Amino acid sequence: MSLAKPYKNIPGTTIFDAEMGRLGYHLNQFCMSLMKAENRARFKANERVYLDEWPMSEEQKLAVMARDYNRMMATGGNIYFLAKIFSSDGLSFQFAAATMTGMSQPDYAQMMLQGGRSPQGNMYEGDI
Amino acid sequence: MAKITAGVATSHVPAIGAAIDNGKTQDAYWQPLFAGYDFGKEWIKQQKPDVVILVYNDHASAFDMNIIPTFALGCAPTFAPADEGWGPRPVPSVMGYPELASHIAQSVIQQDFDLTIINQMDVDHGLTVPMSLMFGQPEAWPCRVIPLAVNVVLYPAPSGKRCYNLGKAIRKAVDSFDEDLNVQIWGTGGMSHQLQGPRAGLINKEFDNAFLDRIVDDAESLADMPHFDYLNQAGSEGVELVMWLIMRGALNDKVKLKKRFYHVPASNTAVGHLILEND
């Protein structure tokens with residue numbers, strides 16, 4: 001008997017559940033370390049060296065270096081933790097959100113001004 | 001006796017705080033949003049609450065992945081604004097109310113809500129943005145605040161029903177506190193938004209407006225909405241709306257709607273705001 005996880009059917013969405021939290025523990029704690037200025041400086045000086053201090057998977061480390069936020073989410077990252085990375089890069093939530101959608105930031109910003117992404121066609125409509 | 005007189009609901013988007021802190025509230029982008037809070041700023045000057053129980057969520061500021069309390073009640077005398085990576089917001093520290101907070105903790109734990117008691121905590125935009133929206137930019141906040149941090153970051157958040165019933169337990173706790181106090185309860189976060197993945201930017205005006213309708217006079221059945229509906233229809237971060245149900249549960253079954261406001265967008269998010277008074 002396994003737990004029901006109907007939210008896995010929601011299109012274009014990763015729900016950060018207890019299982020993802022387990023997979024992403026070190027990735028997210030690495031992100032938290034960037035709250036300290038000295039750690040940000042060390043990370044920026046040599047990202048690979050800094051990441052190697054954390055028991056993260058190779059896939060997680062490569063995703064961080066590539067700033068591939070969808071890959072980071074897929075391997076257990078949570079957006080509020082990942083925000084420490086793009087904040088360290090001097091980038092906004094809207095920038096990071098845009099990169100995850102494959103849109104340019106101006107196109108994404110325009111979509112938001114026009115009322116955001118429509119729920120029509122973007123929700124799971126089947127049985128749960 | 002202490003008495004809960006009113007509830008406030010509002011989104012707590014960090015970009016709103018940045019707009020206030022950087023003097024951008026009259027920019028064309030932001031002006032319509034801040035206009036929606038003019039009524040509330042005047043209203044709260046008349047109401048003069050002694051204490052606000054402020055329901056919000058931490059965003060990887062005070063809590064990391066080491067400890068994740070579902071309901072954490074702030075019992076400290078003061079709470080400093082958190083450094084969220086670009087320095088703390090230039091807002092006053094929040095003054096707590098340890099006597100009432102510890103009374104609430106004892107009462108609601110005895111009503112079967114196993115709160116975590118927090119005696120040291122910084123508070124992030126989830127708490128300070130609602131304060132700025134309602135009180136503007138004073139030298140010191142005009143009332144005391146009891147923070148109630150709810151986990152909505154690591155799924156599963158508490159259910160809507162659990163939140164609604166916690167509100168009722170808080171109401172009982174406040175009612176049994178001997179000091180004469182005018183207490184408000186605020187529920188924050190939401191409305192529809194998704195900050196991650198290919199579906200980022202989702203906004204659901206129909207969902208949000210139905211939620212704004214139902215939380216006023218159909219809250220009991222609204223509290224039965226499953227998590228899946230929030231996630232699917234209001235976006236992965238839209239599940240924050242369960243926190244509004246704690247506020248609503250602490251009010252009378254019948255309330256007076258004093259203000260309703262809805263605006264899209266603030267950055268990635270739909271903004272909702274309600275003021276409800278106990279009859």
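Axes here are lines fitted to C-alpha atoms, for helices over the stretch in contact, with angles running from 0 to 180 degrees between N-to-C directions. The model is predicted, so local features need pLDDT of at least 70 and side-chain atom pairs count only at pLDDT 80 or more, while totals for chains, interfaces and linings use all residues. Residues are numbered from 1 along each chain as its sequence is written, and chains are lettered from A in the order in which they are written.

**View 1. Helices H6 and H10 of chain B.** Helices (DSSP runs of H or I, at least four residues, numbered from the N terminus) meet here: the axes of H6 (residues 160-175) and H10 (residues 242-249) of chain B come within 6 Å and cross at roughly 30°. H6(B) and H10(B) are therefore roughly parallel (angles under 35 degrees). Contact means C-beta atoms, placed from the backbone, within 7 Å; H6(B) brings residues including B:Cys163 and B:Leu166, and H10(B) residues including B:Leu245 and B:Ile246.

**View 2. Helices H8 and H9 of chain A.** H8 (residues 93-101) and H9 (residues 105-113) of chain A pack at about 100°, their axes 9 Å apart. That makes H8(A) and H9(A) roughly perpendicular (65 to 115 degrees). Look for A:Gln94, A:Phe95, A:Ala97, A:Ala98 and A:Thr101 of H8(A) against A:Gln105, A:Tyr108 and A:Ala109 of H9(A).

**View 3. Where chain A meets chain B.** Here 43 residues of chain A are in contact with 30 residues of chain B. On the chain A side, H1 (18-23), H2 (25-33), H6 (69-74), H7 (79-88), H8 and H9 each supply at least two residues.

Definitions and conventions
Parallel < 35°, antiparallel > 145°, perpendicular 65-115°, else oblique. Contact = placed C-beta atoms within 7 Å.
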